[in-house]
Amino acid sequence: MGDNSVFKQATKSKAQTEIAKIEERAQLIYSDKLMENASSNMKIKVETSQVIEQLKTEGYTIKQIAVSAEDITGISLDKENMTIGKSKTAEIKVTYEGVEEPFIYYVEVQGKYYQMHSTKGFITINREPSNLTKEDFEAENGEGSTTTLTVVSSEAEIAIASVKAGSNNIIEVTSTETEGETVVTVTYGSYTKTCTVKVVEPVLATGITLNETEYVVTGGESWIHDKQLVATIEPSNVTEKEVTWKSSNPEVATVDENGLVKAGTKGRRSNHNSNNKRRK
């Protein structure tokens, strides 16, 4: 009997095995998403919420508790003004100031909750259970609060705004066929930020040119002769001006999200292209 009983020791061992399995799966999900970002030459960190959502999809029970309001010192948006065409979808990224994640996550194993820790999406799990119970996560206020990000559009007939499914920091804005202006208000606790969204008749790109169509970058230890590519979109008043960059062979040369080309491990000549990020 007691904590050292054969039954309790076996139960604890089984729980530890399950935790190790979940931790390993979380790390594999993180690696897969990291590779996805690398293959598209995007310097985007893996969000903890992405890993958590995938684990939930695979059947694991994960609960969350909002961090203390004292830990979050504010929120900011990556866009304060945005223009999109009719029937388009755009995103606004929210940054929580003062903390890396606005939530503390716990995975349920054999009726107990084990705290998960994240470093830019890479997750580890405590081997000892917390003192939290199911009721703590169901509480609307206090320690068990699951307060989340909220968003509202002042003119829903122009554009609808919502938190993107599976994310805790991406606002998805979907425009209608009505032209006009709406204010998207994002709130977390006592912090509020806004983004003004204009919906217009879209002006689509008809062409794209680069300042260089062929160039030699030199590899080796010096990594000299990096090249900054510049994309010019036609016409100049195109609604969506953002472009994405991609290298057909990163081992030869890489290109970042701003069009900066560097020699890859093989240091040979490579062709690069950019695609106008637009929807028809």
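**Exercise 1.** Is phenylalanine 137 buried or exposed, and at what relative accessibility?

*Solution.* The model is predicted, so that local features require pLDDT of at least 70 and side-chain atom pairs count only at pLDDT 80 or more, while totals for chains, interfaces and linings use all residues. Residues are numbered from 1 along each chain as its sequence is written, and side-chain values use heavy atoms, with hydrogens and water left out. Buried means under 20% relative accessible area, exposed over 50%, and partly exposed in between (1.4 Å probe, protein chains only). Phenylalanine 137 has 7% relative accessibility and therefore counts as buried.

**Exercise 2.** Classify the ring pair of tyrosine 96 and tyrosine 188 and locate both residues.

*Solution.* Rings of Phe, Tyr and Trp (its six-membered ring) pair if their centres lie within 6.5 Å, and planes under 30 degrees apart count as stacked, over 60 as edge-to-face and the rest as tilted. By this rule there are five aromatic pairs. In one of them, tyrosine 96 and tyrosine 188 lie 5.2 Å centre to centre with 75° between the planes, an edge-to-face pair. Tyrosine 96 belongs to strand S4 (residues 89-97) and tyrosine 188 to strand S11 (residues 180-188), 92 residues apart; strands (E, at least two residues) and helices (H or I, at least four) are DSSP runs numbered from the N terminus. Tyrosine 96 is buried at 6% relative accessibility, and tyrosine 188 is buried with a relative accessible area of 6%.

**Exercise 3.** Classify the pair of tyrosine 113 and phenylalanine 137.

*Solution.* The ring centres of tyrosine 113 and phenylalanine 137 are 4.8 Å apart and their planes stand at 55°, so the pair is tilted. Tyrosine 113 lies in strand S6 (residues 112-119) and phenylalanine 137 in helix H3 (residues 134-138). Ring pairs join Tyr106, Tyr113 and Phe137 into a cluster.
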